[in-house]
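Please brief me on the model shown below. Keep it short and group the points by topic.

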Amino acid sequence: MKSNSKSRFLPGLIAVITLGALGLLVMKATSAREPYTKEELADQEKALLAVVDHGRDLWHGSNPSMSSNGLACGNCHPDAAASNPHTFPKFQADLGRVIPLREMINWCITVPQGGKALDVNGDDMIAMEAYAFYLYRGKQISPGLATEQTSPVVVKSGVGYPKKGSGVGYDK
Amino acid sequence: MAAQGGSPNRGGEMEDFKNLSRRDFVTISGRAGLTTLVATALGINLGLVRVVTGAAPGKKMTPFRFAILTDAHLFSIEGHKFDAFLAQAVDNVNNMKPRPDFVVYCGDIAQNGRDDQLQKGVKILSKLAMPIHYIPGEHDWYLDLGEAWRGHFGKPTWSFDHKGVHFIGMNSILVRDFWTPAGMTPKQRMDTMEMLESPIAGPWGVREEQLDWLKKDVKGLGTEAPVVVFTHSPLWDYYPRWNFQTEDAPEVREILGKFERVMSFHGHVHQTVYNKIGNLSSVGTLSTSWPWPYPDVKLAYPDMRMNRSDPALVEDGDGTQHIDLETDFQGTMHYDPFGDMLKPAIKDGFKI
């Protein structure tokens, strides 16, 4: 019985091993590249911070179409506080459905600020989200759970962002 | 010039300024001497500082009520929603029973420091049925370094006695001169100060001249005297990045340290908040514009936090407040929000 059993399972075993080896080869061919160099990482961070910086400017009123009453996002959300980006998507009671952060941003632009909504896929919206998420870096992602006001990272007084006068919470 | 109902020094020298035009006032201010000129060069224009004292406050006092309005942040736009919020606040105070003896305005009438915004505030606040006393906020001040504000409201540093209590108002939003080296225009200076989290201006303070004034102001008062002090920013380090602080608050507290009890009320934070340091109870106030979020700071009295405001309710998080002072200087703080947003610990008032 033992001999028969071995001969019955051997072809299957060989097939599994072969497929596994092939799989490893394919994975190697398509897996992530070698780690980025310091220079590449610096370039990536620079690109990100440029977008964050644009978001900071928008957050503080650089695009007049986003407000008809003088209010900017920063009026209620200094350092993006209480914007709660890490809690989206979540149910928004007055809209009656689950929405992503960008829809909440457009709600704030159009209702409290009386402005014109941003293109949800446009560069400005990406920058707005980048700013909010950057200020909440390291916070635990908790979709749907913002029943309490949340806070961004704590920034020391007077610690600024590389761009003069930005005031973004960049605490390196 | 001043809003109907009076100025910070009823019956005192401030009466002299009531009938002056703004031009006259500026002329008089120009005679204030080298001290003021130096202060102006440093961005510290205090205006005319005169100590006015009434009957010496004693331990026993007559119970009364006063109210605080603050942070209207009026825009120049006609019919702006914040105009209506401030008008609502005025109605609420006028309809209180009993009515407050007076109101203190804790700064930031204007959003961009423009005279038309201050004028709008004067017009709305003139409907108050009782006297009002003013201190400035940074939004009132940094377009013209307080010139228009002083033209409307007189000096930002004052004191008066009322029913046995000594009241003090000070300008706590004075900063170093960051604009001259940078070659900024007045508007750029104002824009810089408008941004709560801007690191450029640095910390606010009352500065040396007002500290000297304060020492003189309280010198003749006994330790049992009831003292109440108003500033735009808190007299403790709450969250310096947003200037939820006053840099020389320790010096202020030291000068006031001789009193058995001091009550401190401040604007700027747009929220309910309470702290107690030594003999000083510090109470934050609701604005009539928008609520600021709470910074990520562990508060000594977390029960005093208000509920998270609902952005779908346009007035949520805003309101007024009043304080009932009883004999022996016992006080009860009442927040009077436009909406239902108070937690149980502060819903029916709390002792300060």
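Leaving aside neighbours within four places in sequence, which residues is B:Leu86 in contact with? The answer is B:Ala72, B:Leu74, B:Ile124 and B:Thr288; contact here puts two C-beta atoms, placed from the backbone, within 7 Å. The model is predicted: local features need pLDDT of at least 70, side-chain atom pairs count only at pLDDT 80 or more, and totals for chains, interfaces and linings use all residues. Residues are numbered from 1 along each chain as its sequence is written, while chains are lettered from A and ligands numbered from 1 in the order in which they are written.

**Cores**

- The largest nonpolar core has 81 residues. Such a core is a set of buried Ala, Val, Leu, Ile, Met, Phe, Trp, Tyr and Cys residues joined through C-beta atoms within 7 Å.
- Buried is defined as 20 or more other C-beta atoms within 10 Å of a residue's own, exposed as 12 or fewer, and partly exposed as in between, with C-beta atoms placed from the backbone.
- B:Leu86, B:Val103 and B:Tyr105 have the most contacts inside the largest core.
- Helix H3 (residues 81-94) of chain B supplies the largest share of this core, six residues. Helices (H or I, at least four residues) and strands (E, at least two) are DSSP runs, numbered from the N terminus.
- A second, separate core has 26 residues, including A:Val52, A:Leu118, A:Met125 and A:Tyr134.

**Chain B overall**

- Chain B has 11 helices and 12 strands.
- Of its 352 residues, 53% are buried.
- Take the contacts in chain B between residues at least 6 apart in sequence: 74% join residues at least 24 apart.

**Helix H2 of chain A**

- H2(A) covers residues 38-59, 22 residues in total.
- From first C-alpha to last it reaches 31 Å, close to the 32 Å expected at 1.5 Å a residue. The expected span is 1.5 Å times one less than the number of residues.
- Its buried residues are A:Val52, A:Asp53, A:Gly55, A:Arg56, A:Leu58 and A:Trp59.
- They pack against helix H3 (73-76) and helix H5 (123-135) of chain A.
- A:Gly61 follows H2(A) and has a positive phi, near 95°.

**Sheet in chain B**

- Six strands form an open sheet in the order S4-S5-S6-S7-S9-S8, with mixed pairing. Two strands pair if DSSP finds at least two bridges between them.
- Strand S4 (158-162) and S8 of chain B are the edge strands, each pairing on one side only.
- S7(B) and strand S9 (residues 280-284) of chain B run parallel, joined by five bridges.
- B:Phe265 stands opposite B:Val283 in S9(B).

**Backbone exceptions**

- Most residues other than glycine have a negative phi, and most peptide bonds are trans.
- The peptide bond from A:Phe88 to A:Pro89 is cis, with omega near 0°. A:Pro89 sits in the loop between H3 and strand S1 (90-92) of chain A.
- A cis bond also runs from B:Lys97 to B:Pro98, with omega near -5°. The loop between H3 and strand S2 (102-105) of chain B holds B:Pro98.
- B:His268 is not a glycine, yet has a positive phi of about 75°. It lies in the loop between strand S7 (262-266) and strand S8 (274-277) of chain B. B:His268 counts as buried because it has 31 C-beta neighbours inside 10 Å.
- B:His270, found in the loop between S7 and S8 of chain B, has a positive phi of about 55°. B:His270 is buried, with 26 other C-beta atoms within 10 Å.
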